Amino acid sequence: MGNKLSGKDLIKLGFPKNNSINIALGQINRYRKREKKESILTEAKEVLLSPEKFEGHGTWGKVAEGLIKPVQVRMHQLKTTRVPFTIFGENEIDEQAKFQLYDSLKLPISIAGALMPDAHSGYGLPIGGVLATDNAVIPYGVGVDIGCRMSLSIFDLPASFLKGKDHQLQAILKDNTKFGMKETHATKADHEVFYKSEFQDIPLLKSLLPKAYKQLGSSGGGNHFVEFGVVKIDSPLNEWKLEKGEYFAVLSHSGSRGLGANIAKHYTYLATKQCPLPKNVQHLAWLDLNTHDGQEYWLAMNLAGEYAKACHDDIHRRIAKALGKRIVVNIENHHNFAWKEMVNGKECIVHRKGATPAGEGQLGIIPGSMTAPGYIVRGKGNAESLNSASHGAGRLFSRAKCKSTFTQSEIKKVLQANDVTLIGGNIDEAPMAYKDITKVMANQTELVEILGTFTPKIVRMDR
């Protein structure tokens, strides 16, 4: 008896000669490789005798499912007709993004869809795409950066607080923010999110915990930023305890870092294996929420969302501490996520990939670019948009196109003209890469009401 567990060992135990053996070997090789064969066989015997006891278990749950009610893997075809949908700001959106939405509307699980006015093409669902599905979640409908979100903290300080403090505020941003793949804070912060049971119960998450701990309070590359600027409040809410006027504020944009990226990669792979689709729509593979993997992804996705929020909270805490000032209002929202929501009287999974939740009365932030204002908004609860709005201005030029179109000196000129200081930032994030945010906002007046604006002044991004 060699020390490596084989299918023969499991057949000897009495496992049926079906896919449950492959599932068991896969799970053991992935998560239990270093353990003694004997102890694994003892556990496997227990699973075989009482699979129902192991439903939802990190390593054995999938094997138990294979013994009780195996997942049906079969080729799915798209329907010939599309489910109902609405496109906002249609004339500003590229054709490819529309076609990506049209494909998603033909999935057998789709209930309804919408496209936001900042939409552009992506993988799977287009960026700015919203899709409601029946008891199924599409990892690429949520996106790779799970829980990518905005967070705005307003201080009870006048906008004039910025005057003459350029060097001091730049230093605070440099010292208290970390960007990209390598930078992390020297002094780590603890957070209650690390003590959630999912980090212990789901083997994949357990393996990602050390990295998540290390990366807390850091931001990714690309279009992620932390910036100081001026908030102008036109319609204050009573609970803010702020008058109309202009205030000093900090705005951040980032997501769930390596944790979310690894979750997305792992469960997208499982979805494509379990849900074969025609090649052109393979990115829209889904996980049924009644399956072990579907349930596990749902838990992992929600954890990644909480972790993304924890990262923003840590960034804002560090900055407030460095300023020696108190935050009076914080407004925040995810824009890459899936939620359980009612659509036409039925509970659905609503995917928003690059879209802001805009249910009635819901607050959110829609950023422009580093030289354009962002907007503090309150949702109007428009059913046609599935209670959603745009997540920003949306790209006009792809990242590759930016590199061949713009130069650093052009970017410098635009920044100077707008009185914006930039720390880091690549050509692919040039202000000119984005659509006109005022046009985008004009195309969604029926989705959100504008309460105020945020104008960036000192911007920090990855180099």
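Which residue with a positive phi follows α9? Gly 217 does, with phi near 80 degrees.

This is a predicted model, where local features need pLDDT of at least 70, side-chain atom pairs count only at pLDDT 80 or more, and totals for chains, interfaces and linings use all residues. Residues are numbered from 1 along each chain as its sequence is written, and side-chain values use heavy atoms, with hydrogens and water left out.

**The whole protein**

The protein has 14 helices and 17 strands. Helices (H or I, at least four residues) and strands (E, at least two) are DSSP runs, numbered from the N terminus. The radius of gyration is 24 Å, close to the 23 Å that the globule rule gives for 463 residues, so the protein is as compact as a globular protein of that length. This radius is taken over C-alpha atoms, and the rule is 2.2 Å times the number of residues to the power 0.38. The C-alpha atoms fill a box of roughly 75 × 55 × 50 Å along the principal axes.

Buried residues make up 57% of the 463. Buried means under 20% relative accessible area, exposed over 50%, and partly exposed in between (1.4 Å probe, protein chains only).

**Helix α9**

Helix α9 covers residues 203-215. Its 13 residues reach 19 Å from first C-alpha to last, close to the 18 Å expected at 1.5 Å a residue. That expected span is 1.5 Å times one less than the number of residues. The helix bends by about 45 degrees at Leu 209, and Pro 210 follows within four residues. The bend is the angle between axes fitted to the seven residues ending there and the seven starting there.

The buried residues of α9 include Leu 204, Leu 208 and Ala 212. Among the elements that cover its buried residues are α2 (19-31) and α11 (292-323).

**Ser 151**

Ser 151 sits in strand β5 (residues 149-158). It is buried, at 1% relative accessibility. Its side chain makes a polar contact with the side chain of Asn 330, at 3.1 Å. A polar contact is a pair of N or O atoms within 3.5 Å; within protein, one must be able to donate a hydrogen and the other to accept it, and residues adjacent in sequence count only if both atoms are side-chain atoms.

Technical notes:
Contact means heavy atoms within 4.5 Å.
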